[in-house]
Amino acid sequence: MPPKAKITDADVIHLDSDSDDDVGVGEGGEFRSLASIMGNPQLPSTNADSTMAPRETLECRSFWKAGDNFVIPKVFNPTPPGMVEHARIHPKFLHSNATSHKWAFGAIAELLDNAVDEIQNGATFVKIDKIDIVKDNSPALVFQDDGAGMDPDGIRKCMSLGYSSKKSNTTIGQYGNGFKTSTMRLGADAIVFSRSTRGGKSTQSIGLLSYTFLRRTGQDDVVVPMIDIDISNDQPQPIIYGTPEDWSANLNILLKWSPFSTKDELLQQFEDIGTHGTKVIIYNLWLNDEGIYELSFDDDDEDIRLRDENALDGKRVHTKTLELRAHISYRLRHSLRAYTSMLYLKKFNNFKIILRGIPVEQYNIADELRHPETIMYKPQAAAMEYAATEIKVGFIKEAPRFPMSGFNVYHKNRLIQPFWKVTLSGSAKGNGVVGVLEANFIEPAHDKQDFERSTLYQRLEARLKKIIADYWYSHCHVFGFQSHLDKSKRIAIPDQAPTVDSLPLPADNNSKGGPIIREISLSHGTSIRTVTMPPPHMRNSTGLISNFQPVQLNPQPAPTDTGNNLGSKSAEKLSEENIQLFRKCEEYKKKEDEMEQTVRNLEKELEEAKSKCAQLALLVDAKRKEMQQV
């Protein structure tokens, strides 16, 4: 890292406009002459001190209301002399654009994507943490990576609207909008520090995207103050594109509207970046409608949480509800650590996501599915060829008691739709069945929390519905369920005792038998499946009945005299009994719900009675004091 040195306004470098490195910087004149844009020639000294007034904030700190009462001028101010006339973007657009993120974690994922895309440039980590702003003792979010960093041209492209150079198959970003929407969704202001080396030239750049600054100063255009410094030599020197006054104007706006009051404090932010990397600090974090921060940093020192109102309602919670809230399909909605653990499908080899100082352990639910199957799916589209996609499907370890199902759908390794429920709500069919796939053939929406509703998407949805149905009907017998379908569909037949023309038994009949393997014939309207565990009637309290060996079942009727009650029952009889058991189960569940409601009513009555007792006790004490005074 180059040694630190004082920067003075006299030590300047005028970047040659004919230089190849200046191509992107010269575009968008709003970055060049901030002093003329602000129309304020009387600028304070660049040597600001800590006595500067406290940092200003917006009057409304709730994200969903921050765009209200924004007065848009009917007439634009004329373009200053020497500036190129250009279409303007009103500051309100920054807020409107950020509303595409309904979910704060979706905005955080966008910033993580930027760091993950830097893996191809040598990045080995991205850190997410919370710091306290000294100016007003408020929390701020910090994202830092050790990627290649951004040179002056790169940081301007990053903070411009709609620009993106990411078009490879390995990068996640593509629209050139993620940084702006994500930072503005999490807080009103963001400051970026980046250090890089390009063509033997080392630079460090600072940029400020501040909704507060734009609103408080009444701007009618998105103005982004930036400064750049050449650190190639022992003596760091400012890089000047216009005049020294412009550079000083940018610096003073950074000091006034950022969390740092002096130039030294500002430049100290580069000390932990090293020779290359990027740090983003988001401050003036948004509040919810109750006036508290959307993000909670105090519930868990190793996590960042979204407030779970269901968990904080103080009501008595049923055991099943607690189990549901403990599952990752629920936790990822409120725990950033849970969400980021599933955010990327393939595990990183030399890259870590570090949340509040603790690395996130990556998790793929497909690794622990029970009775897993892999199904190949090849998208079909006119005049388009797509590679086949693997769909892994199976029962979660909590099945069948856990009433959920769905697919984790990734795009270019990034989770887009977690636990996408393609089956109808309220249906027990498919409970516990979960799948994982990477769908690179459909395009994600701009917030990367859903997919565009294209024909390919609709065909995929229909296929996933069929996959869940087929898997359920061929595997539900594992948990003792009976599938009911007509003869045109596949059904699971009841387990039967082996017949005489089954596979021959080994000579040693006393040896312990393994699980029965059944091959069911399609000619009898049944499915062909290999079952790796014995049916219920062939188990004892310790496991398998010892005198059974692997056999090949024949789809012929079982003998009536087998010595086994279940083996002698017909499929219709077992189906009828199974339906009766289901009905009893529903009755018990209904009674359980009624009892829970009764308990809640009694608890409510008890609280009311306690309240009345307390009031009566106060009245008795008051009456007693009156009598004593008399």
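Modeller: Happy to! Let's begin with helix 6, where Gly178, Phe179, Lys180, Thr181, Ser182, Thr183, Met184, Arg185 and Leu186 are buried. Here, buried means under 20% relative accessible area, exposed means over 50%, and partly exposed lies in between, with a 1.4 Å probe and protein chains only. That makes nine of nine residues in helix 6 (residues 178-186), so this helix is mostly covered. Helices are DSSP runs of H or I with at least four residues, strands are runs of E with at least two, and both are numbered from the N terminus.

Before going further, please keep in mind that this is a predicted model: local features need pLDDT of at least 70, side-chain atom pairs count only at pLDDT 80 or more, and totals for chains, interfaces and linings use all residues. Residues are numbered from 1 along each chain as its sequence is written, and side-chain values use heavy atoms, leaving out hydrogens and water.

Since 13 of its 14 residues are buried, helix 4 is largely enclosed by the rest of the structure.

Now to the charged pairs. The model holds 16 salt bridges, each being a side-chain nitrogen of Lys or Arg within 4 Å of a carboxyl oxygen of Asp or Glu. One network of them links Glu110, Asp113, Arg414 and Lys448. Lys448 is buried at 4% relative accessible area, and its place is the loop between strand 17 and helix 13 (455-475). Lys448 also has a positive phi of about 55°, although it is not a glycine.

Glu438 and Lys346 meet through their side chains in another salt bridge, 3.1 Å from N to O. This pair ties together distant parts of the chain, 92 residues apart: Glu438 belongs to strand 17 (residues 433-438), and Lys346 to the loop between helix 12 (336-342) and strand 11 (352-355). Glu438 is buried at 19%, while Lys346 is partly exposed at 45%.

Arg305 and Asp303 also form a salt bridge, their closest N and O atoms being 2.9 Å apart. Arg305 is partly exposed at 28%, and Asp303 is buried at 3%. In the bridge between Lys378 and Glu385, the closest N and O atoms are 3.9 Å apart; Lys378 is partly exposed at 42%, and Glu385 is exposed at 70%.

Finally, the backbone. Most residues other than glycine have a negative phi, and most peptide bonds are trans. Arg356 has a positive phi of about 50° without being a glycine; it lies in the loop between strand 11 and strand 12 (358-359) and is buried at 16%. The peptide bond from Ala399 to Pro400 is cis, with omega near 0°, and Pro400 is in the loop between strand 14 (389-395) and strand 15 (406-411).
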